[in-house]
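Let's take a walk through a protein together, one step at a time. Have a look at the picture first, and then we can go through it piece by piece.

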Amino acid sequence: MKKILITGGAGYIGSHTAVELVKAGFLPIIIDDLSNSDIGVLDRLKEITGQELPFYKGNCGDKALLNQVSEDHQISGVIHFAAFKAVGESTEEPLKYYRNNVGGLISLLDFMQENNIRDIVFSSSCTVYGQPDTLPVTEDTPRKDAESPYGNTKKICEDILVDVVKSKVGLRVISLRYFNPVGAHESSKIGELPKGKPNNLVPFVTQTAAGIREKLTVFGGDYETPDGTCIRDYIHVVDLADAHLRAIQYLEGQTQDFYDVFNVGTGRGNTVLEVIQSFEKVSGKKLNYEIGPRRPGDVIKVWADTTKINDLLGWYPKKSLDDSMRDSWNWQKSL
Ligand code: WQD
């Protein structure tokens, strides 16, 4: 059975990807420092998959830990999720983000070369596009200056991967640029577990509906969009997880020194108010919200052109915005 090392595998997208890998006959090996996830996720994964997934507590900067993984398991590929991802926090603590997100990748790549592991799927983000001049965004859309140190770490990591592939050490890489991951596994056993006050829209919506938050503030209602609120491409986390499976399988068929990058979104944009309307429809709950001031740094509208991943990886999103809202709400109610 092929073993895939998932860094950050106890996290939101990592745990959903572990489920899809098991379904496809892989054995995920999880390394996670639990800084933004919970050890209980491992038990949930066992309930969902029926398997005890090997787990190592720590991060990619811990060479001794990585070497222990390599002693215990023959790793055939890596999916690298582990990174800090709070845009606002990255502005306050940039060095924490560069050390962890960039330093962690460099340490992981050293480990891979030392252990002759050639395949890596990297978790990137549409944030590298900033506010695109044309929409939908294709992979050829020029990357913009990052809006935050977080976004800059994603651009830098993509550049590091390109340069290491060019150095002809045999590496094979796919970078996946996520749009906005939302939703949860249908079992409601795993989902998004934001620590403290959520930054992202959908956890704030579900926590407001659950009475944990008093009210949702919609950040800006006077943008140049159909209803004045920002537009994003909300991709169900299970569809996103499947894209990682397709990517690792695709790499197995490539020659060495391979690099490519794919957008992962639905190809559709939805406004904040449309998300709220979808949530109210599927939950039957009236959401308490108000239109407030714009959030500095927000991109007005961005959504993906997914032709490339459709054509080359044969990947298509299966779930709708309503599915995402339904699964998010069921997950919130299970907490
Ligand atoms: C979505 C929309 C907000 C909260 C960020 C990162 C990105 C990725 C996903 C990590 C925007 C509006 C939000 C609220 C609101 N992160 N909103 N009220 O900013 O598109 O992307 O998260 O990989 O890299 O940049 O996501 O969910 O914060 O915001 O009105 O309480 O919801 O203004 O229009 P964003 P988000």
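What is the mean pLDDT of the chain? The mean is 97, and 100% of the residues reach 70 or more; pLDDT is the predictor's confidence in each residue, on a scale from 0 to 100. The model also scores ipTM 0.97 and pTM 0.97. This is a predicted model, in which local features need pLDDT of at least 70 and side-chain atom pairs count only at pLDDT 80 or more, while totals for chains, interfaces and linings use all residues. Residues are numbered from 1 along each chain as its sequence is written, and side-chain values use heavy atoms, with hydrogens and water left out.

Let's begin with the sheet. Seven strands form an open sheet in the order β3-β2-β1-β4-β5-β6-β11, with parallel pairing. Strands here are DSSP runs of E with at least two residues, helices are runs of H or I with at least four, and both are numbered from the N terminus. Two strands pair if DSSP finds at least two bridges between them. At the edges sit β3 (55-57) and β11 (258-264), each of which pairs on one side only. Strand β6 (residues 172-178) pairs with β11 in the parallel sense over seven bridges, and Arg-172 stands opposite Phe-258 in β11.

Now turn to the ligand. It is surrounded by 18 residues, and the closest are Tyr-150, Leu-201, Thr-217, Arg-232 and Asp-298; a residue counts as near if one of its heavy atoms lies within 4 Å. Strand β8 (residues 216-219) gives the largest share of this shell, four residues. Tyr-150 places a polar side-chain atom 2.8 Å from an oxygen atom of the ligand. A polar backbone atom of Thr-217 is 2.8 Å from a ligand nitrogen atom. For Arg-232, a polar side-chain atom lies 2.6 Å from an oxygen atom of the ligand. On its own the ligand has 680 Å² of accessible area (Shrake-Rupley method, 1.4 Å probe), and the protein covers 90% of that.

Finally, visit two loops. Most residues other than glycine have a negative phi, and most peptide bonds are trans. Leu-135 and Pro-136, however, are joined by a cis peptide bond, with omega about -5°. Pro-136 lies in the loop between β5 (119-125) and α6 (149-166). Ser-188 has a positive phi, near 60°, and belongs to the loop between β7 (180-182) and α7 (201-209).

Note on methods. A polar contact is a pair of N or O atoms within 3.5 Å; within protein, one must be able to donate a hydrogen and the other to accept it, and residues adjacent in sequence count only if both atoms are side-chain atoms.
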